[in-house]
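Hello,

Here is the structure I promised to pass on to you. Have a look at it first, and then read my notes below.

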Amino acid sequence: MNSTNQFIKPLTTKKNENGNIEIGGCDLVLLAEKFGTPLYVLDEYTIRSICKDYKKAFSAYDKVNMMYASKALCTMAVSKILDNEGFGFDVVSAGEIYTVYKAGINMAKVLFNGNNKSYDELALAIKLGVGRISVDNFFELSLLNEIAKSYDKTVDILLRITPGIECHTHEYIQTGHLDSKFGFDLTQIDEAVELILNNYSNLKLHGLHAHIGSQIFETKIYGDEIEILVREIKRLDDKFGLKLDEINIGGGLGVKYTEEDLPPSTYEIANIVIDSLNKCIKKYNIEPPALFIEPGRSIISTSGVTLYTLGSSKQVPKGRTYFAVDGGMADNPRPSMYQAKYYAEIANKPDCELSQEITVAGRFCESGDILIKDIQLPQVEEGDILCVYNTGAYNYSMASNYNRVQKPAMILVNNSQSDIIINRETLDDLVHHDVIPDRLSK
Ligand SMILES: Cc1ncc(COP(=O)(O)O)c(C=O)c1O
């Protein structure tokens with residue numbers, strides 16, 4: 001069975017009677033006119049559809065908890081939708097904690113991750129009642145215990161471990177140790193557990209947590225990860241008499257940015273995860289643990305598109321044709337950071353013959369600010385609206401104000417309705433935090 005992460009475009013994308021592309025029943029050209037460009041557009045139906053795929057796919061295991069990795073896209077409206085679909089939240093900063101808190105999320109459903117959480121962030125997590133903290137290293141164990149003690153609280157934790165599996169999207173390697181900034185090496189787990197049991201009386205350990213990579217197309221890797229997590233749980237029980245009953249396998253399922261990408265479905269992933277888990281439960285003779293899974297990209301990426309207006313162009317003699325849009329690396333840093341590839345169409349010319357190969361350049365002052373290299377499009381003119389697909393994840397969340405350009409607005413579309421969920425930044429927003437010291441004004 002297919003799942004939503006296997007599509008390039010939001011599920012409601014179609015050509016409408018105006019001859020334009022519409023998403024969520026909203027004409028993209030009219031959205032661009034009304035809200036301006038660049039514009040992030042999120043399709044609510046597509047978000048809810050992938051949530052349902054995940055829940056259905058994992059329903060064969062009783063104790064499953066779906067968490068959304070907020071780092072992919074963290075806004076209050078998105079948090080509301082995910083909450084409504086029954087998801088908890090994986091957060092990685094005070095900003096993400098505060099966003100879900102302000103959205104009215106039950107903080108017991110929140111897990112706080114990260115390799116260098118600050119004193120203030122940990123204190124905020126404790127004060128707001130975050131459900132689990134995934135402790136990443138020895139320094140944090142000691143710091144968290146100290147803060148918990150000062151609040152006279154016992155904090156529920158997981159240990160983030162590096163299972164010795166490294167994923168390079170299309171292949172992976174297994175090693176005894178992994179050179180990673182995240183988590184405890186397998187050889188450090190016992191020392192961490194001893195410290196928790198003997199020294200850190202304000203920490204209560206519930207389970208183990210790992211995350212093996214992102215934009216993963218490989219299914220077997222999850223089976224190997226589960227084997228390591230369950231093996232460690234059994235080993236800790238044998239050695240310390242410790243009954244851990246939670247495993248968190250992280251996120252990572254890939255999406256289809258272009259035709260070349262062939263991500264597995266949530267159903268394929270769930271089959272291998274549940275099958276491996278059941279086998280390991282038998283093999284190691286443990287009580288079935290609660291399973292946590294925390295996808296980000298695969299939840300939100302396909303639902304999002306970015307609209308741009310095409311502007312200036314340049315024909316390099318005997319070379320490429322460049323067309324520039326009114327956004328680029330500040331609203332979508334992935335092409336310049338990771339050479340990420342995207343697919344796009346002209347929203348006002350969905351049916352025109354693909355007669356031209358162009359390179360879509362951003363408007364920022366970097367030669368590397370190229371959004372899409374060598375894409376086939378219809379004859380392009382200034383003023384056309386370019387729709388870049390699959391921009392829901394790690395676009396707005398990684399956006400910057402480079403060149404002091406305002407971040408775009410984001411709207412949510414559904415059933416022909418369009419609502420702003422992030423206002424476009426204004427010029428005043430850009431200077432809002434600037435301060436001129438008195439001595440410079442004299
Ligand atoms: C610990 C952890 N969990 C979940 C995720 C989400 O990964 P993805 O967006 O690939 O599903 C990440 C991403 O970096 C992560 O570090």
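In strand β13, Leu208 is the bridge partner of Leu159. This is a predicted model, in which local features need pLDDT of at least 70 and side-chain atom pairs count only at pLDDT 80 or more, while totals for chains, interfaces and linings use all residues. Residues are numbered from 1 along each chain as its sequence is written.

Strand β9 (residues 155–162) and β13 run parallel, joined by six bridges. Strands here are DSSP runs of E with at least two residues, helices are runs of H or I with at least four, and both are numbered from the N terminus; two strands pair if DSSP finds at least two bridges between them. β13 also pairs with strand β14 (residues 246–248), in the parallel sense and over three bridges, with His209 opposite Asn248 in β14. From β13 the chain passes through helix α8 (residues 220–240) to β14, a right-handed β-α-β crossover (with the strands pointing away from the viewer, the path from the first strand over the helix to the second runs clockwise).

Why is β13 largely enclosed by the rest of the structure? Five of the seven residues of this strand (residues 203–209) are buried, so that is how β13 ends up enclosed. Buried means that 20 or more other C-beta atoms, placed from the backbone, lie within 10 Å of the residue's own.

Elsewhere, β1, β2 and β3 form an open antiparallel sheet in that order. β1 (14–15) and β3 (26–27) stand at its edges with a single partner strand each, so one side of each has no neighbour in the sheet. Lys15 stands opposite Ile21 in β2.

Best wishes

Conventions:
A residue is buried if 20 or more other C-beta atoms lie within 10 Å of its own, exposed if 12 or fewer, and partly exposed in between; C-beta atoms are placed from the backbone.
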